[in-house]
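Please open the model in your viewer and keep the sequence alongside, so that each selection below can be followed in both.

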Amino acid sequence: MLPNESLDRFLDDFLDGSKTDEKIEVKKRENAAPVRSDRELWVRPSDGSLVEKPTDRKLSKRTWAALLMILVLIPLTIFIGIRIGDRKYFFISMMIMVYSMVPFIMVFEGRRPQARELVVLALLAAIAVAGRAAFFMLPQFKPVIAVVIVAGICFGAESGFLVGAMSMFASNFFMTQGPWTPWQMFATGIIGFLAGLLFKKGRLTMKKGPLCLFGFLSTFFIYGFIMDTASVFMYQSEVTFWSALPLYFSGAPFNLIYGVSTVIFLFFGARPLIEKLERIKVKYGLIDRER
């Protein structure tokens with residue numbers, strides 16, 4: 001992680017460019033902050049959590065729209081993809097990307113999106129893609145879900161789903177696209193969405209213990225169950241309870257490894273990453289900070 005002074009210089013050059021009016025706005029936000037130093041503005045809250053708890057816990061209409069996409073449209077699209085044949089997986093993946101962008105675009109209702117807001121999410125997706133590629137030699141030992149959880153916490157449930165879906169879609173250009181891609185996008189996106197949703201509702205405490213526990217449980221049960229279900233549909237012509245059961249049992253060790261790896265990456269990486277993202281949010285007033 002870059003030191004905060006180096007990070008500031010990089011962000012000023014990379015995100016601000018030469019627009020003087022934007023630089024003035026950035027400086028105003030910095031001056032309006034109650035405190036400025038690492039010992040003050042960027043320390044953790046007094047309860048030991050990594051970020052401040054949101055004050056407004058009411059779900060917005062874009063969150064309800066995202067729930068509609070996740071619970072209805074995306075499963076229906078994947079089901080249709082199964083019915084029309086696995087070779088349509090690329091089209092199904094693109095449809096999921098479109099669905100995940102609709103609630104995210106609603107974040108900018110009433111104002112124009114700024115490039116810097118999109119760049120940060122793209123950067124998080126790139127980190128997840130790079131992490132998945134870097135650990136390609138270790139099956140299921142990946143930092144992807146840890147990054148997606150952080151994205152959901154810092155930028156909201158809709159952004160968490162978008163980063164999750166985009167990460168799996170982009171990384172599979174390196175890891176191989178296939179009929180499993182839409183399932184991976186769906187499973188990873190749900191975890192990012194759920195992290196943001198639970199944090200907003202005050203059900204997910206941003207202490208290392210609860211955060212790591214959520215990472216393990218969501219990876220093992222949500223991602224693992226969805227991907228094992230994908231294996232059942234992809235590799236069995238006739239699905240029955242007894243034919244599907246061995247696949248779920250055989251997938252458990254892989255899901256366990258993935259869950260443990262998520263815990264490791266969250267334990268060691270969540271705090272520095274969240275602190276940097278919170279600093280960026282405060283300085284540049286990024287993406288619906290109150291969510």
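Which pattern does the protein chain follow when read along the sequence? In this predicted model, the chain reads α-α-α-α-α-α-α-α-α-α, and its secondary structure comes to ten helices and zero strands.

Begin with the whole chain selected. Of its 291 residues, 48% count as buried, and the accessible surface comes to about 14700 Å², with 66% of that area belonging to carbon and sulfur atoms. Among the contacts with a separation of 6 or more, 78% are between residues 24 or more positions apart.

Next, select helix H3, residues 61-84. At 1.5 Å a residue, its 24 residues should span 34 Å, and the end C-alpha atoms are 33 Å apart, which agrees.

Finally, keep H4 and H8 and look along their axes, which come within 8 Å and cross at roughly 20 degrees. Because angles under 35 degrees count as roughly parallel, H4 is roughly parallel to H8. To view the residues that meet here, select Tyr-89, Ile-92, Ser-93, Ile-96 and Met-97 in H4 together with Thr-181, Pro-182 and Met-185 in H8.

Note on methods. Residues numbered from 1 in each chain as written. Predicted model: local features only at pLDDT ≥ 70, side-chain atom pairs only at ≥ 80, totals over all residues. Heavy atoms only, no water. Helix = DSSP H or I, 4+ residues; strand = E, 2+ residues; numbered from the N terminus. Expected span 1.5 Å × (residues − 1). Buried < 20%, exposed > 50% of the residue type's maximum accessible area, 1.4 Å probe, protein only. Contact = heavy atoms within 4.5 Å. Areas by Shrake-Rupley, 256 points an atom, 1.4 Å probe, with all protein chains shown as cover. Axes fitted to C-alpha atoms, helices over the stretch in contact; angles between N-to-C directions. Parallel < 35°, antiparallel > 145°, perpendicular 65-115°, else oblique.
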